[in-house]
Amino acid sequence: MLSKTMNKALNEQIKIEGQSSNIYLAMASWAEIQPGLEGVTEFLYMHSDEERMHMLKLIHFVNERGGFAETPAFEKPSLTYPSVHHAFKELLAHEIFVSESINELVDQALKEKDYATHNFLQWYVSEQIEEERLARTCNDKLEMIGDDKSGLYLFDRDILTLSQEGEKA
Ligand code: FEO
């Protein structure tokens with residue numbers, strides 16, 4: 001059984017994961033109308049779907065543990081970006097924020113000796129390591145590419161392979 005505090009904290013995380021999905025959905029929609037960003041577009045739509053899955057996983061856990069998962073309202077995300085690099089900088093900053101939030105949940109679970117929630121959260125801890133790694137790799141590459149259009153072409157072509165390699169690792 002979840003404590004009221006833990007239920008509230010997990011509901012906050014449900015909102016954060018859903019908000020992440022919304023942010024990446026907006027990025028994907030922006031990328032889709034830019035010329036030549038088919039790979040980036042697909043990557044962002046997939047990433048948005050993954051975040052929705054993170055939200056759903058939390059919703060089921062909260063309800064199965066005797067709590068109540070509240071469906072959150074989301075803030076309107078940025079709809080346009082000056083460049084792909086700007087979008088990925090925001091993506092990395094957001095993933096770091098998500099990791100911090102997960103760490104606080106882990107802290108709370110330990111404080112309450114709620115080992116079931118602590119155990120459940122380990123999946124998110126591992127997932128965040130991978131998501132931050134991928135976001136950093138993308139940012140490092142975009143930093144190198146700068147304004148070079150042929151570099152951006154290759155980045156767009158290779159980004160899906162980059163994310164699949166991360167999943168296999
Ligand atoms: Fe589910 Fe990328 O945070």
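Modeller: Y124 is buried, with a relative accessible area of 2%. Buried here means under 20% relative accessible area, exposed means over 50%, and partly exposed is in between, using a 1.4 Å probe and protein chains only. The model is a predicted one, in which local features need pLDDT of at least 70 and side-chain atom pairs count only at pLDDT 80 or more, while totals for chains, interfaces and linings use all residues. Residues are numbered from 1 along each chain as its sequence is written, and side-chain values use heavy atoms, with hydrogens and water left out.

Y124 belongs to one aromatic cluster together with F61, F120 and W123. Rings of Phe, Tyr and Trp (for Trp, the six-membered ring) pair if their centres lie within 6.5 Å; planes under 30 degrees apart count as stacked, over 60 as edge-to-face, and the rest as tilted.

The helix pair comes next. The axes of helix α2 (residues 38–64) and helix α4 (residues 115–145) come within 12 Å and cross at roughly 170°. That angle makes α2 roughly antiparallel to α4. Angles under 35 degrees count as roughly parallel, over 145 as roughly antiparallel, 65 to 115 as roughly perpendicular and the rest as oblique. The axes are lines fitted to C-alpha atoms, for helices over the stretch in contact, and the angles run from 0 to 180 degrees between N-to-C directions. Helices are DSSP runs of H or I with at least four residues, strands are runs of E with at least two, and both are numbered from the N terminus.

On the α2 side, the residues that meet α4 are F43, H47, E50, E51, M53, H54, K57, L58 and F61. Their partners in α4 are A116, T117, F120, W123, Y124, E127, E131 and L134. Contact means heavy atoms within 4.5 Å. By class, this contact has nine nonpolar, three polar and five charged residues. Ala, Val, Leu, Ile, Met, Phe, Trp, Tyr, Cys and Pro count as nonpolar, Asp, Glu, Lys and Arg as charged, and the others, Gly among them, as polar.

The 27 residues of α2 should span 39 Å at 1.5 Å a residue, and the end C-alpha atoms are 39 Å apart, which agrees. The expected span is 1.5 Å times one less than the number of residues in the helix. After α2 comes G66, with a positive phi near 85°. Not counting residues up to four places away in sequence, M1 touches R65 and G66.

S21 lies in helix α1 (residues 4–32) and, leaving aside its neighbours within four places in sequence, is in contact with S48, E51 and R52. S21 counts as buried at 12% relative accessibility. S20 is likewise in α1 and touches E51, H94 and V98, not counting residues up to four places away in sequence. At 0% relative accessibility, S20 counts as buried.

Back to the rings: a search of the whole structure finds six aromatic pairs. In one of them, F88 and F155 have ring centres 5.8 Å apart and planes at 90°, so the pair is edge-to-face. The pair links distant parts of the chain, with F88 in helix α3 (residues 84–111) and F155 in helix α5 (residues 149–168), 67 residues apart. F88 is buried at 1% relative accessible area, and F155 counts as buried at 4%. The rings of W123 and Y124 have their centres 4.9 Å apart and their planes at 80°, so this pair is edge-to-face. Whereas Y124 is buried, W123 is partly exposed, with a relative accessible area of 31%.

Most residues other than glycine have a negative phi. A93 in α3 is partly exposed at 47%, and its C-alpha atom is separated by 9.7 Å from that of R136, 43 residues away along the chain.
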